[in-house]
Amino acid sequence: MTSRRRFLASTAAAAAAAVLAPHVASAQAAAARVVVVGGGFAGTTCARTLRKLDPALSVTLVEANADFVACPFSNEVIAGLRDLKQQQFGYTTLARDGVTLAHSSATAVDPGGRTVTLENGTRLSFDRLVLAPGIDLRWDGLPGYTQDAAERMPHAWKAGAQTLLLRRQLEAMDDGGVVVMSAPANPFRCPPGPYERASLIAYYLKTKKPKSKLILLDAKDAFSKQRLFQSAWAALYPGLLEWVGLSAGGKVTSVEPSSLTFITDFARHKAAVANVIPPQKAARIAELAGVADRTGWCPVDPSTFESTLQSGIHVIGDAAIMGAMPKSAFAANAQAKACAAAVVARLAGQGVAEPRLINTCYSLVAPDYGISVAGVYRPTNGQLADIAGAGGVSPLDADAAFRAQEALYAQGWFKTITAEVFG
Amino acid sequence: MVSVAKTTSAPLRPFGAPPQLRRGGNAAILTAALLWAGAAAAASPEAPAGALSCSGCHPAGKGVDTPVLSLAGRAPADLAAAMRDFRNGARAPTVMGRIAKGFTDPEIDALAAWFGAQKD
């Protein structure tokens, strides 16, 4: 381009900006309103990032709980290695970023009228809605497993009272008892979570109640970081931890809470301590908003995370279908930041740049034995897909120092992400 | 003189001119000017692909007790060299080798420049 053309172009641009400025200014005066539902890793990150990207936005975070209890590392709480207090985070720092907190739960969404109704009667209007409601347990998904049953056979798949209940049951169990766990079919929150939990419970049993045993009944034959887990189990917990996959009869078809029994097509497994990780779906508000499909999860555009079923509503975190990306806190945090950028761009009438997302999930097989899976993702054919050649799991043949280093990085990750989201 | 034009446009271009503005016709110029005003109001330089994910492990602020380094304010050349070393195995990684393989050379350079420009 010649200097003359550059001059003309910039002059024209300045003129255009001057002409258009009043419209831009009036649009900003009536601040765009974004409502975010759910104060977990996804929702809290998104609300704060929205305000950082555009301090003129009106951002309201809807969350019923006074404190957040983080699931990552809650398996360490169950195994007596960590205090539940280390999992708890408050929402006081949100005000610093100018996020308004609505302490209530969302009970209805009107996608056409663009309003959210809260349990306390408030109705919030929005220009864009971000749903980050997490999961609900499917109380109709496993015969015999009801909310009452969860008091005898805890799920501990939402951290808090359930986490402590399972820990107390393990502490009260006699040495020589059999702990039985069940893991659901895909998809579910935290794909490596059941196997990390089995590992850390096995660590507790090995160190505190060595005559005991753990059986993990699984509705599938393949799971996250499988070879790493199985190789570590063989080395650390031989004869103590038994995994029963689908083809070996591991699928639990019903439970009997009164006798702490898991029933499969082939056997009845009576437990001294029973942990049921039941089938899951997107939390109820997603269904009420019309963004969940027949699978119970929420299909979204992989660049903007806008629902493919309702315009103006974005879904992030565990509730959404994210293609190859797993339902993890790291993924939720990464999606939330990309979603905030997309919401800001959309509100300004701009296009959205193709996002590149990263996930890293650490699991502890023992306190000083960490393993990881990572992935790098980009939108491909309407889904977030793995970038070929990137990602994967820790090496199978790594030495003890490598495992210890990953355990250290796991601890560092938790401190870093919770500082970013809640600090 | 060319510098007059540059000076005039500078306050409007804190993050570099959109490509449309450099090569487009009048309609593109109008659109670009509008979009661009929005971006400037948000005071947010466009983060390059993948940049927003990094703070999951690399602390964005001070005071986090982690062995993982903060990336903000580091020399872009060092950051880019480290990413390339991770990618080709010259530097022994745990997880970073697997992540670095998801980025091309230009993407690595863009990430390095962006983090280098962050306040330490």
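Predicted model: local features only at pLDDT ≥ 70, side-chain atom pairs only at ≥ 80, totals over all residues.
**View 1. Chain A as a whole.**
Chain A contains 10 helices and 25 strands. Its C-alpha atoms fill a box of roughly 85 × 50 × 35 Å along the principal axes. A compact globule of 423 residues would have a radius of gyration near 22 Å, and the 24 Å of chain A agrees with this. Of the 423 residues, 51% count as buried. Among the contacts between residues at least 6 apart in sequence, 68% join residues at least 24 apart.

**View 2. The parallel sheet of five strands.**
An open sheet of chain A is built from 5 strands in the order S5-S2-S1-S9-S20, with parallel pairing. Its edges are strand S5 (100-102) and strand S20 (313-315) of chain A, each of which pairs on one side only. On average, neighbouring strands of this sheet are turned by 20 degrees against each other, direction ignored. At one end of the order, strand S2 (residues 58-62) of chain A pairs with S5(A) in the parallel sense over 3 bridges. Within this pair, Thr60(A) is set opposite Thr100(A) of S5(A).

Helix H2 (residues 41-53) of chain A lies across strand S1 (33-37), S2 and strand S9 (128-131) of chain A. The direction of H2(A) is at about 170 degrees to that of S2(A). Helix H9 (residues 329-347) of chain A also packs on the sheet, where it touches S1, S9 and S20 of chain A. H9(A) makes an angle of about 170 degrees with the direction of S9(A). Both S1(A) and S9(A) are listed for H2(A) and again for H9(A).

**View 3. The contact between helices H2 and H9.**
The axes of H2(A) and H9(A) are 8 Å apart, and the helices pack at an angle of about 35 degrees. The crossing of H2(A) past H9(A) is right-handed. From H2(A), the residues in the contact include Phe41(A), Thr45(A), Cys46(A), Leu50(A) and Leu53(A). From H9(A), they include Ala332(A), Asn333(A), Ala336(A), Lys337(A), Ala340(A) and Val344(A). By type, the residues of the contact of H2(A) with H9(A) divide into 13 nonpolar, 4 polar and 1 charged.

**View 4. The hairpin of strands S6 and S7.**
Strand S6 (residues 106-110) and strand S7 (residues 115-118) of chain A run antiparallel and are joined by 4 bridges. Val109(A) has Val116(A) in S7(A) as its bridge partner. The two strands form a hairpin with 4 residues between them. In the turn, Arg114(A) has a positive phi of about 55 degrees.

**View 5. The antiparallel sheet of three strands.**
Here 3 strands of chain A form an open sheet in the order S14-S15-S16, and the pairing is antiparallel. Strand S14 (252-256) and strand S16 (268-270) of chain A each have a single partner strand, so one side of each is left without a neighbour in the sheet. Neighbouring strands are turned by 20 degrees against each other on average, direction ignored. S14(A) is joined to strand S15 (residues 261-264) of chain A by 4 bridges. In this pair, Val252(A) stands opposite Thr264(A) of S15(A).

**View 6. Strand S23 and its partners.**
Strand S23 (residues 369-380) of chain A is mostly covered, with 10 of its 12 residues buried. Strand S22 (residues 357-366) of chain A runs antiparallel to S23(A) and is joined to it by 9 bridges. In that pairing Asn359(A) is opposite Gly375(A). S22(A) and S23(A) form a hairpin with 2 residues between them.

S23(A) also pairs with strand S24 (residues 383-386) of chain A, in the antiparallel sense and over 4 bridges. Arg378(A) has Ala385(A) in S24(A) as its bridge partner. The hairpin of S23(A) and S24(A) has 2 residues between the strands, and Asn381(A) takes a positive phi near 50 degrees there. A further antiparallel partner of S23(A) is strand S25 (residues 392-393) of chain A, joined by 2 bridges. Here Ala374(A) stands opposite Gly392(A) of S25(A).

Note on methods
Residues numbered from 1 in each chain as written. Chains lettered and ligands numbered in written order. Pairing = 2+ DSSP bridges. Axes fitted to C-alpha atoms, helices over the stretch in contact; angles between N-to-C directions. Contact = placed C-beta atoms within 7 Å. Rg over C-alpha atoms; globule rule 2.2 N^0.38 Å. Buried ≥ 20, exposed ≤ 12 C-beta atoms within 10 Å, placed from the backbone. Left-handed = near helix turned anticlockwise from the far one by under 90°. Nonpolar A, V, L, I, M, F, W, Y, C, P; charged D, E, K, R; others polar.
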